[in-house]
Amino acid sequence: MYDLTAQPSRNIIRPIMSKDTKTELLSLYFRFSALTDSLKGLYGGAELTPDIEALLQVLCAHWHAGSPLSVRQVMQFERLGSSATIFKRLKRLRQMDLVMLLEAPDDPRKRQIVPTTRALDYFSSQALAIRAASA
Amino acid sequence: MLAITMPRTLRALRILNPIRWIHLVYMVIAAVLGIGSWWINGLIFQNLEVSSGINLVYWPHGIRVLTVLLFGLPGALGLTLAGFMVSPSIYTDQIWMMTFAPFVSGLAPYAARRVILLERTGESSHLELLSPKTLISLVTLSALLNSGGHILLRIASDFGDNHPAEFCAMLAGDLLGALTLLFGFRLLLLAWDKLVRSDRSA
């Protein structure tokens with residue numbers, strides 16, 4: 001006779017789902033998430049939303065002024081969102097190959113955010129569009 | 001009083017803990033995906049087969065890359081296992097091809113993953129820095145390794161005749177198939193996102 005009043009679920013589940021297995025499944029989820037993000041960003045599919053574009057503009061403006069921002073510095077721009085949101089958008093910009101991280105010349109521990117040629121091409125095309133519209 | 005506990009047979013499986021039997025599950029999933037995709041591709045693109053085992057559109061290569069990205073080495077081993085199951089029907093009476101071709105098909109995407117991700121992202125287990133560019137590079141290198149490995153095997157076992165043409169056809173098939181699959185998935189994901197957004201706004 002089985003005693004159904006006993007607490008069965010723990011006894012059954014714990015040995016099957018060990019901590020290692022749970023960690024592995026969590027890793028699998030993150031890998032899947034990264035993969036879908038990457039697939040969405042395949043050429044032609046990358047969506048530069050206004051929020052992400054605003055962040056890109058701030059990053060490029062600082063870089064153009066000769067003082068590129070570090071990851072820590074950009075995460076303190078409260079008007080762009082919370083630090084977690086900014087970090088997520090920064091990650092998206094890196095996945096879209098619009099910014100890259102380079103070591104600071106004066107301090108190799110510090111990493112500065114620098115636009116890629118793709119980002120510069122994007123701003124060039126914007127400038128051309130503005131010029132064409134105003135002509 | 002007998003409480004419901006884990007059956008003894010399952011308890012015995014705990015000795016497999018160092019192997020982490022979730023990896024065995026990954027292997028089985030990868031093997032099923034490998035065989036299934038090969039079978040479906042054969043059904044759809046049978047007319048585009050230029051030689052035994054060479055097709056001008058071979059999208060199972062894309063499945064292999066995605067499987068290896070998700071499941072890592074267990075995924076590659078599962079694909080190798082799948083290769084062993086299908087190779088007797090492709091390379092009849094070709095012992096060399098039957099024995100070694102599955103290793104090439106299963107391990108080429110894994111080798112590409114090791115090379116590309118180690119170089120670009122330090123191969124984090126979460127793939128958080130996997131960019132679209134990296135994905136395309138990975139598919140290309142995997143296609144090169146796969147077709148190169150197969151053609152070397154064909155030369156060694158004196159199977160096939162025009163090896164340079166076979167290499168080009170296999171490379172084109174792997175690349176075209178994988179890219180078609182990736183862009184197909186991309187369209188599906190974007191369509192899904194739109195659907196979710198419209199549901200939220202409604």
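**View 1. Leu129(B) in the loop between H4 and H5 of chain B.** This predicted model places Leu129(B) in that loop. Leu129(B) has 17 C-beta neighbours inside 10 Å, so it counts as partly exposed. Leu117(B) is 12 residues away in sequence. From C-alpha to C-alpha, Leu129(B) and Leu117(B) are 9.0 Å apart in space.

**View 2. Phe84(B) in helix H3 of chain B, with Pro102(B).** The two residues are separated by 18 residues in sequence. In space, their C-alpha atoms are 5.6 Å apart. Phe84(B) counts as partly exposed because 16 C-beta neighbours lie inside 10 Å.

**View 3. Asp93(B), a residue with positive phi between H3 and H4 of chain B.** Most residues other than glycine have a negative phi. Asp93(B) is not glycine, yet its phi is near 65°. The residue sits in the loop that joins H3 and H4. Its C-beta has 8 C-beta neighbours inside 10 Å, so Asp93(B) counts as exposed.

**View 4. Asp158(B), a residue with positive phi between H5 and H6 of chain B.** Asp158(B) counts as exposed because it has 9 C-beta neighbours inside 10 Å.

**View 5. The crossing of helices H2(B) and H3(B).** The two axes come within 6 Å of each other. They cross at roughly 75°. The range for roughly perpendicular is 65 to 115 degrees, so H2(B) and H3(B) are classed that way. Their contact holds 19 nonpolar residues, 8 polar residues and 1 charged residue.

**View 6. The largest nonpolar core, with residues from both chains.** This core has 42 residues. Those with the most contacts inside it are Ala30(B), Val65(B), Val139(B), Ala178(B) and Leu182(B). Chain A contributes through helix H2 (19-40), which supplies at least two residues. In chain B, at least two residues each come from helix H2 (22-44), helix H3 (60-90), helix H4 (95-121), helix H5 (132-156) and helix H6 (163-201). H3(B) gives the largest share, 10 residues. In soluble globular proteins, nonpolar side chains tend to be buried together.

**View 7. Val139(B) and its contacts.** Neighbours within four places in sequence are left out here. Val139(B) then touches Val65(B), Ala178(B), Leu179(B) and Leu182(B). Three of these partners, Val65(B), Ala178(B) and Leu182(B), are also listed with Val139(B) among the residues with the most contacts inside the largest core.

**View 8. Another core, apart from the largest one.**

**View 9. Packing of helices H3(A) and H5(A).** H3(A) spans residues 50-64, and H5(A) spans residues 83-95. The axes are 10 Å apart and the packing angle is about 85°. That angle makes the two helices roughly perpendicular. From H3(A), the residues involved are Asp51(A), Ile52(A), Leu55(A) and Leu56(A). They meet Ile86(A), Arg89(A), Leu90(A), Arg92(A) and Leu93(A) in H5(A). By class, the contact has 6 nonpolar and 3 charged residues, with no polar ones.

**View 10. Chain A, with its stretch of pLDDT below 50.** Chain A has 6 helices and 3 strands. Their order along the sequence is β-α-α-α-α-α-β-β-α. Of its 135 residues, 19% are buried. Among contacts with a separation of 6 or more, 50% join residues 24 or more positions apart. The average pLDDT of the chain is 79, and 81% of the residues score at least 70. Over residues 8-13 of chain A, pLDDT is below 50. That stretch has 8 contacts in the model beyond near neighbours in sequence. Where pLDDT is low, the predicted coordinates should not be read in detail.

**View 11. Chain B and its elements.** Chain B contains 6 helices and 3 strands. From the N terminus, the pattern is β-α-α-β-β-α-α-α-α. Buried residues account for 38% of its 202 residues. For contacts between residues at least 6 apart in sequence, 71% link residues at least 24 apart.

Definitions and conventions
Residues are numbered from 1 along each chain as its sequence is written. Chains are lettered from A and ligands numbered from 1 in the order in which they are written. This is a predicted model: local features need pLDDT of at least 70, side-chain atom pairs count only at pLDDT 80 or more; totals for chains, interfaces and linings use all residues. A nonpolar core is a set of buried Ala, Val, Leu, Ile, Met, Phe, Trp, Tyr and Cys residues joined through C-beta atoms within 7 Å. A residue is buried if 20 or more other C-beta atoms lie within 10 Å of its own, exposed if 12 or fewer, and partly exposed in between; C-beta atoms are placed from the backbone. Helices (H or I, at least four residues) and strands (E, at least two) are DSSP runs, numbered from the N terminus. Two residues are in contact if their C-beta atoms, placed from the backbone, lie within 7 Å. pLDDT is the predictor's confidence in each residue, from 0 to 100. Axes are lines fitted to C-alpha atoms, for helices over the stretch in contact, and angles run from 0 to 180 degrees between N-to-C directions. Angles under 35 degrees count as roughly parallel, over 145 as roughly antiparallel, 65 to 115 as roughly perpendicular and the rest as oblique. Ala, Val, Leu, Ile, Met, Phe, Trp, Tyr, Cys and Pro count as nonpolar, Asp, Glu, Lys and Arg as charged, and the others, Gly among them, as polar.
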